[in-house]
Amino acid sequence: MCDEKNKCQQPEKLEEKPEECSPEQVEECHGEAEEHPCTEETEQKEQ
């Protein structure tokens, strides 16, 4: 999933932190994901 170092699947598109991405940016990077896959909250739910 997300890079352990950056916590972001598409760091070249990342403007701030993954947690601060707008819904539009999340959709651009990840398609129609319900939640942003690069946030710590989402990663903790998956484990």
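Glutamate 20 lies in the segment before helix H1, and Glu20 forms a negative surface patch together with Glu15, Glu16 and Glu19. The model is predicted: local features need pLDDT of at least 70, side-chain atom pairs count only at pLDDT 80 or more, and totals for chains, interfaces and linings use all residues. Residues are numbered from 1 along each chain as its sequence is written, and side-chain values use heavy atoms, with hydrogens and water left out.

**The acidic segment**
- Glutamate 15 is also placed in the segment before helix H1 (23-30); helices are DSSP runs of H or I with at least four residues, numbered from the N terminus.
- Glutamate 15 is exposed because its relative accessible area is 66%, where exposed means over 50%, buried under 20% and partly exposed in between (1.4 Å probe, protein chains only).
- The patch residues have over 30% relative accessible area and no salt bridge, with like charges joined within 9 Å; a salt bridge is a side-chain nitrogen of Lys or Arg within 4 Å of a carboxyl oxygen of Asp or Glu.

**Helix H1**
- Glutamine 25 belongs to helix H1 and counts as buried because its relative accessibility is 13%.
- Between glutamine 25 and glutamate 15, which are 10 residues apart along the chain, the C-alpha separation is 9.6 Å.

**The loop between H1 and H2**
- Threonine 39 sits in the loop between H1 and helix H2 (40-46).
- With a relative accessible area of 11%, threonine 39 is buried.
- The threonine 39 side chain reaches the backbone oxygen of histidine 36 at 3.2 Å.

Methods: Helices (H or I, at least four residues) and strands (E, at least two) are DSSP runs, numbered from the N terminus. Patches are made of residues with over 30% relative accessible area and no salt bridge: like charges are joined within 9 Å, nonpolar side chains (Val, Leu, Ile, Met, Phe, Trp, Tyr) within 5 Å. Accessible areas come from the Shrake-Rupley method with a 1.4 Å probe; for residues, only the protein chains shown count as cover. Lys and Arg count as positive and Asp and Glu as negative; His and the chain ends are not counted. The place of a charge is taken as NZ of Lys, CZ of Arg, CG of Asp or CD of Glu. A polar contact is a pair of N or O atoms within 3.5 Å; within protein, one must be able to donate a hydrogen and the other to accept it, and residues adjacent in sequence count only if both atoms are side-chain atoms.
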